[in-house]
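Open the model in your viewer and keep the selection tool at hand, as this tour moves from one group of side chains to the next.

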Amino acid sequence: MPPRPPHRVAAAALPLLLLLFCFFAILSPRPASAEPDADKAALLAFLAGVGRHGGAARLRVNWPTTHLACSSPTAPGWTGVTCSADATRIVALHLPGLGLSGAVPPGTLARLDALQLLSLRSNNLSGPFPSDILALPSLTGLHLQHNAFSGDLPDAGLENLRSLQVLDLSYNHFDGVLPAALSNLTALVALNLSNNSLAGRVPDLGLPALQYLNLSNNRLDGPIPASLLRFTDAAFAGNNLTRLTPAPLSPPPPASLTPPSTSTTTRNRRRRLSEAAILAIAVGGCVLVFAVAAVSLIALCNRDGGDEAGSGTASGGKGGDKSPESKAVIGKAGDGNRIVFFEGPSLAFDLEDLLRASAEVLGKGAFGTAYRAVLEDATTVVVKRLKEVNAGRRDFEQQMELVGRIRHDNVVELRAYYYSKDEKLLVYDYYSRGSVSNMLHGKRGEDRIPLDWETRLKIALGAARGIAHIHTENNGKFVHGNIKASNVFVNKHEYGCISDLGLALLMNPITTRSRSLGYCAPEVTDTRKASQSSDVYSFGVFILELLTGKSPVQITSGGNDVVHLVRWVQSVVREEWTAEVFDSELLRYPNIEEEMVEMLQIAMACVSRSPERRPKMADVVRTIEEVRRGDTGTRPSTEASTPAVEAPQSRAESSSAAQ
């Protein structure tokens, strides 16, 4: 038999060779992960300049003694350093309160051209604004507050920071004028230049994305420019600025979640803390506990071969069979005073960020005070500090677990909660347009942009869908208990979205009822117990509010007379003066009278004095959907939002609607 050709022998042996290659590749040691050597050299040069006089900094910054800058499952990495996913660049640097001092050495931070977040707050850094920072094109967050920087703010070079979203230079010694080049930072969400010595006029910045502004306690003068008039007086306090138009309706002035220094704390220990300070202390405690729990959780996942710690979620779990409604535990119910997060979009902040965030009081409601917190990465959340909670830990946690599982486009999700003996906190997403109450009743005047009929109809339909879904939870027994315009927001699709669900059962019923005057069903006054039927009544009042533009309770005649919206509407309809009911702002829109009357009939059915005669929320949803189908089918969509007479020119939406 003739021998096989050599190429056939090689072909037959190829699978065996590939198998051996894979085997030895698996057994051979893998090369160490890449390290950002150039970035490490820049950081060491930076530390040599600002850490040589600070003993605390040398003790707490482990850079000179730790080989790997990027953290791994077996090593923590450098203090305050966050690397990219492939560990080739440094993308974030957090060094708050480490005793760094002196001027930032030139030619150091500028070499970190992949840096996205820089936080050097609460140190003793001095000198002019570091020019190196102007060479960081990817920077989104810059936090230099509570230092000793001085001199003019840069004008040239600011255009390089077009990605910057948060700029906080408060509590320094900057002087000179506000540079007009700030208007180049078009992505800016939060700007805090308070407590410096800045002087002169405020330029017309025209920053379209700006949600938070604080220029207080400087030496600024002259008129407030038109682009900043949407912010409240608190943003300009402590200056000699003048407002040419009335200030928008505003909550109390901005607060700081930053805790006082040790000496200040000692000096003021006997003073009563403000609500913002109490929130800061409480949230600080939550953050510390959360940090410990998060580190433990990451270590456990790494030890068990779980997902990478930087995945952004804590869904983990063996078998991968967790339902979308299950809880991502950063702390768990009943396990000490820990903050508990629910699954959903990852909240990209640590608790230190929350403690130091710029906080602003949004308002006070029946259940407590709500704060807007802008974090270092520009994430904005709402933290609600509850008061007068009657429930114990077990009942509170069970109710929050039930609420946290609810997922619906028209229900504001509970993102996290915290329970301790002294503090109960809830965390929600932030809705920039504010509540429907503010949209309806805030700043009524000649330059107001009114809510058109299509918007009001979508708000009512969305809120109805949300409440109907809530009523299906807990085997069809769930009750909201506090439906009102200040608890309805507008989602990204322009539909109403209901908030604050599940809290009524946990609170003092007398307080809840007194803060919800005009919305409470008659039987709640007697029984002190909310029901799904009483939710329907409250929703009916809300529809009347949308139709009339009037508050549920109005005080007239110098405070001597109280007019309830439901009774007033009933009396007007009884006298067949139905046209007198509707908001004058709606009368400018054509061809909507029939739909408004249909919505009025729905509202009147909902506010029936007899609970048995009120419709179910599912039926209310179907009826409103029929009204809206008739709406879109009988007139052009443009007419839904275009007044019959000329309206004031539309303005860009801003977060001031929530203030």
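Begin by selecting Lys-458 and Tyr-495: the lysine lies over the face of the tyrosine, at 4.8 Å from the ring centre. A charge counts as sitting over a ring if NZ of Lys or CZ of Arg is within 6 Å of the ring centre and within 35 degrees of the ring normal. Next select Lys-424, which lies over the face of Tyr-419 at 5.0 Å from the ring centre.

This is a predicted model, in which local features need pLDDT of at least 70 and side-chain atom pairs count only at pLDDT 80 or more, while totals for chains, interfaces and linings use all residues. Residues are numbered from 1 along each chain as its sequence is written, and side-chain values use heavy atoms, with hydrogens and water left out.

Now turn to the aromatic pairs, of which a search of the whole structure finds 7. Rings of Phe, Tyr and Trp (its six-membered ring) pair if their centres lie within 6.5 Å, and planes under 30 degrees apart count as stacked, over 60 as edge-to-face and the rest as tilted.

Select Phe-129 and Phe-174, whose ring centres are 6.4 Å apart with planes at 50°, so the pair is tilted. Phe-129 is in the loop between strand E5 (124–127) and strand E6 (141–143), whereas Phe-174 is in strand E9 (residues 173–175), 45 residues apart; strands are DSSP runs of at least two residues (E), and helices of at least four (H or I), numbered from the N terminus. Phe-174 is buried at 1% relative accessible area, where buried means under 20%, exposed over 50% and partly exposed in between (1.4 Å probe, protein chains only).
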